[in-house]
Amino acid sequence: MDSHPVIRMEHLNKVYQTGEVAVHAVREVSLKVEKGEFAAVMGASGSGKSTLMNLIGCLDRPTSGSYWLDGEEVGTLSKSRLSRVRNQRLGFVFQGFNLLSRTSALENVELPLLYSPHGHGGRELRRRSLAALERVGLADRAGHHPGQLSGGQQQRVAIARALVNEPALLLADEPTGNLDTRTSIEIMSIFQDLNRKGMTILMVTHEPDIARYCRREIVMRDG
Ligand code: ADP
Ligand code: MG
């Protein structure tokens, strides 16, 4: 049976060297996240949460240690293979939404498919992107530009964009950080719903009220 964890890391370290000073941002982290989990990474500001997320998201390489993403050892991959893994197996949601402002919601969601090596015909592209918008309840805003949407709606577009490639893992770094309480709860309900349907989710938050919506808490202290 194919039952590897989505994330497995052993003794992962990340040291930033800036001039004379070395900052040990992630220290000997060993972690397993199984398929179907919904976990919160908690911890004070500066404790290494974003650094850990960047390592998990293959946006940065560890100084030492091993990391398997969806069963594949990431440290041994070439740069181009790594960007393919990132595109196909991971979906990213950021605090600031990171949508293209002059582009419709639908086109924003299509973007990861354009970089997909399989290549999709225009029709298939549209169908999959609309389906992703439907999953976050925004099919009726497909033609709106980000400026015509509320913050919560923009974050839902960003979640749809993260889902469109059917990733093995959804990564979110403070996804409710720019949202009011009511909208944050709305976004957390969407994550809960996706998780109930099988999506594995790892999110960073420093707010205990938000972490409550997750099913597991991982606390970082000084790396
Ligand atoms: P958090 O997300 O928990 O607030 P970070 O992962 O952003 O923490 O930062 C952890 C530590 O690493 C901090 O001391 C921070 O100053 C340092 N750090 C983060 N990114 C860099 C970088 N690119 N260069 C040097 N130091 C960094
Ligand atoms: Mg951070």
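In this predicted model, Asn 13 stands opposite Ser 64, a residue of strand E4.

Strand E1, residues 7-18, and strand E4, residues 64-69, are paired in the antiparallel sense over five bridges. They belong to an open sheet of four strands, arranged in the order E2-E1-E4-E5 with antiparallel pairing. At the edges are strand E2 (21-33) and strand E5 (72-73), each of which pairs on one side only. Helix H1, residues 49-56, packs on this sheet and touches E1, E2 and E4. The direction of H1 makes about 120° with that of E1. In general, strands of a sheet pair through backbone hydrogen bonds, in either a parallel or an antiparallel manner.

**The ligand**

Which residues surround ligand 1? They are Tyr 16, Val 23, Ala 25, Ala 44, Ser 45, Gly 46, Ser 47, Gly 48, Lys 49, Ser 50 and Thr 51.

| Residue | Part of the residue | Distance to an oxygen atom of ligand 1 |
|---|---|---|
| Lys 49 | N or O atom in the side chain | 2.9 Å |
| Ser 50 | polar backbone atom | 2.9 Å |
| Thr 51 | N or O atom in the side chain | 2.6 Å |

**The nonpolar cores**

The largest nonpolar core contains 39 residues, and those with the most contacts inside it are Leu 133, Val 157, Ile 159, Leu 170, Met 188, Phe 191 and Leu 194. Among the elements that give two or more residues to this core are helix H4 (122-135), helix H5 (151-163), strand E7 (169-173) and helix H6 (181-196). The largest share, six residues, comes from H5. A second, separate core of 29 residues includes Met 53, Ile 56, Val 204 and Ile 218. In soluble globular proteins, nonpolar side chains tend to be buried together.

Leaving aside neighbours within four places in sequence, Leu 170 is in contact with several residues, including Val 93, Phe 191, Leu 194 and Thr 200.

**Thr 200**

Thr 200 lies in the loop between H6 and E8. Is this residue buried or exposed? Thr 200 counts as buried because its relative accessibility is 3%, and the limit for a buried residue is under 20%. Although Thr 200 and Gly 36 are 164 residues apart in sequence, their C-alpha atoms are 4.5 Å apart in space. The side chain of Thr 200 reaches the backbone nitrogen of Gly 36 at 2.8 Å. Beyond the neighbours within four places in sequence, the contacts of Thr 200 also include Val 6, Glu 34 and Leu 169.

Technical notes: Residues are numbered from 1 along each chain as its sequence is written. Chains are lettered from A and ligands numbered from 1 in the order in which they are written. This is a predicted model: local features need pLDDT of at least 70, side-chain atom pairs count only at pLDDT 80 or more; totals for chains, interfaces and linings use all residues. Side-chain values use heavy atoms; hydrogens and water are left out. A nonpolar core is a set of buried Ala, Val, Leu, Ile, Met, Phe, Trp, Tyr and Cys residues joined through side-chain atoms within 4.5 Å. Buried means under 20% relative accessible area, exposed over 50%, partly exposed in between (1.4 Å probe, protein chains only). Contact means heavy atoms within 4.5 Å. Two strands pair if DSSP finds at least two bridges between them. Axes are lines fitted to C-alpha atoms, for helices over the stretch in contact, and angles run from 0 to 180 degrees between N-to-C directions. A residue is near a molecule or strand if one of its heavy atoms lies within 4 Å of it. A polar contact is a pair of N or O atoms within 3.5 Å; within protein, one must be able to donate a hydrogen and the other to accept it, and residues adjacent in sequence count only if both atoms are side-chain atoms.
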